[in-house]
Every structure is written in C-alpha cells, then in structure tokens.
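Here is a short tour of one protein model, with an eye on its charged side chains. Take a look at the sequence and structure first.

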Amino acid sequence: MSIVVSLVKDLEDESGELDRLVATLDDDGWAMSTPAPRWTVAHQIGHLLWTDRMSLMAATNPDGFAAIQSEAAGDTGGYVDAGAVAEAARRPADLLAAWRSIRTELAQTLVAVPDGDKIPWFGPPMSAASMATARIMETWAHGLDVADGLGVRREPTDRLRNVAHLGVRTRDFAYQVNGLTPPAEPFRYELTAPSGETWTWGPDGAADVIRGPALDFCELVTQRRHLSDLDLEFTGGRAQAWAGIAQVFAGPPGAGRAPSRPEGS
C-alpha cells in the first residue's frame with residue numbers, strides 16, 4: 001500500500017467517525033455551540049466542506065484555485081471563515097450530503113495525483129501525501145470541537161500519528177509565524193500512542209525533549225487545549241518556550257483556548 005493510499009484511508013476513517021457523530025443530530029444539535037467562538041456544529045462541518053472543496057479545486061483546477069488565492073489575498077483567515085459561515089447556512093441534511101460527496105471526490109483525486117506533483121495551497125504547495133495529512137489534522141481537530149460542543153468524548157486512535165507527525169514537522173513554522181528565529185538544534189519527541197506504542201522523532205540525547213500522551217501533544221499543536229490542561233513534560237527551556245507558540249495549522253498565530261480551571265485554583 002502506498003503512503004498516499006494509507007493516508008487517504010486514515011482520512012476517510014477520521015471523516016467517517018465524525019460523520020457518524022453528526023448524522024443523527026436534529027436541527028438543535030447542529031446549532032449547538034462549540035469551543036470556537038461563534039461557531040456551531042454546522043460551522044465546523046461547513047469549514048471542513050469548504051476546505052475539502054478548496055483542496056479538490058487545488059488538485060484538479062490550479063488556475064481556478066489561483067483565482068481564489070488572489071481573491072483571498074490579504075485576509076486569508078477571514079476568507080476561510082466566510083466560507084464556513086456560508087456553508088453553515090445550508091439545511092443540515094444538505095450540508096452533510098455535500099460534505100460526503102466532496103470528501104469522497106477528494107479522496108479519489110489524491111490517490112491519483114502523480115508522484116512528485118505539488119498541489120497549490122494558501123501556504124506552500126504540497127504533495128498529495130502532505131495534503132492528505134493536513135486534511136486528517138483538520139478533520140480530527142474540528143471533530144474534537146464538535147465532540148466538545150456536544151459533550152461527548154471520542155476515543156483516540158493511532159490515526160493521531162498523522163497529527164503528531166505534522167506537529168513535529170511544523171515546529172519551525174510556529175516560530176516563524178510569531179516572528180521568531182527557530183533554534184538550530186532539533187527537539188526530541190517521545191509520545192505514547194493510544195495503543196500504548198511509543199512514537200519518537202528527533203535524536204537521542206537532544207537537550208530539549210517533549211514527552212507525554214500523543215493525544216495531549218496533538219491537542220497542544222492544534223491549540224485545542226490549554227497547556228495547563230495537558231499531561232506533557234518539557235525538558236529544556238526551548239521546548240518549554242515552544243509549547244507556548246506551538247501551531248500546526250496555517251495562518252497567523254492562534255489565540256488558543258482558555259484553561260479549564262482558573263489560574264491558581
């Protein structure tokens with residue numbers, strides 16, 4: 001099985017799990033607030049639909065996507081948010097049906113992208129493997145928002161390895177988007193997978209080490225939990241400083257989430 005086929009399978013499984021969570025919701029359920037300010041469950045799914053559609057356009061119609069890039073220039077974040085708002089205005093059944101259709105077409109398209117081809121994006125162009133990984137990350141992160149909004153807990157799976165890998169790969173991006181110079185020395189990451197396996201990145205003997213559950217690490221880099229709510233251990237001052245700016249998603253620095261408990265409680 002090629003890496004792209006494997007990643008697309010993980011993307012389909014992640015999307016399917018979220019689909020099952022929202023498929024039986026009534027209108028009130030779709031209107032439930034989520035931790036993202038002013039975003040309902042419908043906004044979360046609308047965002048995934050919109051970005052999946054943009055990913056599909058980027059892979060199949062680069063000229064059309066270039067026109068979108070020009071239109072979004074200067075306020076990409078606002079442009080993306082407006083897309084979510086527009087999609088969220090659909091009837092829930094139509095929104096869900098559209099997401100199912102677009103994500104299926106995107107999966108078929110990504111596995112057919114020739115090796116070596118790059119897909120344009122709002123950030124740097126990406127390979128099909130990188131695009132699939134990014135879609136897994138977003139689907140998982142926004143799925144977590146949906147689950148939080150509905151007051152349910154989804155069991156983590158080893159698909160989190162994709163999100164964790166992206167979190168490691170984007171270490172330097174987090175510095176750059178905050179106007180900082182990344183350290184020259186790599187970090188070491190030692191994460192415990194939901195299955196109990198240990199996942200590692202970076203050299204043995206590194207001065208800066210991040211250890212803990214892979215779930216907590218993924219919640220950190222997607223900015224879905226405040227650092228104080230995570231069971232992560234940081235060895236080295238640079239690793240600790242990075243924890244305050246970690247960001248796996250494109251765009252300007254995120255505001256992050258408030259701690260679940262007031263400071264000092």
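Which residue does R154 form a salt bridge with? R154 pairs with E17, and their closest N and O atoms are 3.5 Å apart. A salt bridge here is a side-chain nitrogen of Lys or Arg within 4 Å of a carboxyl oxygen of Asp or Glu. R154 sits in the loop between α7 and α8 while E17 belongs to helix α1, so the pair ties together parts that are 137 residues apart in sequence. Helices are DSSP runs of H or I with at least four residues, numbered from the N terminus.

A quick note on the source: this is a predicted model, where local features need pLDDT of at least 70 and side-chain atom pairs count only at pLDDT 80 or more, though totals for chains, interfaces and linings use all residues. Residues are numbered from 1 along each chain as its sequence is written, and side-chain values use heavy atoms, leaving out hydrogens and water.

The whole structure holds 24 salt bridges, including these:

| Pair | N to O distance |
|---|---|
| D19 and R103 | 3.0 Å |
| R90 and E87 | 2.7 Å |

D19 lies in helix α1 and R103 in helix α6, so this pair links parts 84 residues apart in sequence. D19 is buried at 7% relative accessible area, and R103 is buried at 17%. Buried means under 20% relative accessible area, exposed over 50%, and partly exposed in between (1.4 Å probe, protein chains only). R90, at 33%, counts as partly exposed, whereas E87, at 8%, counts as buried.

Note on methods: Helices (H or I, at least four residues) and strands (E, at least two) are DSSP runs, numbered from the N terminus.
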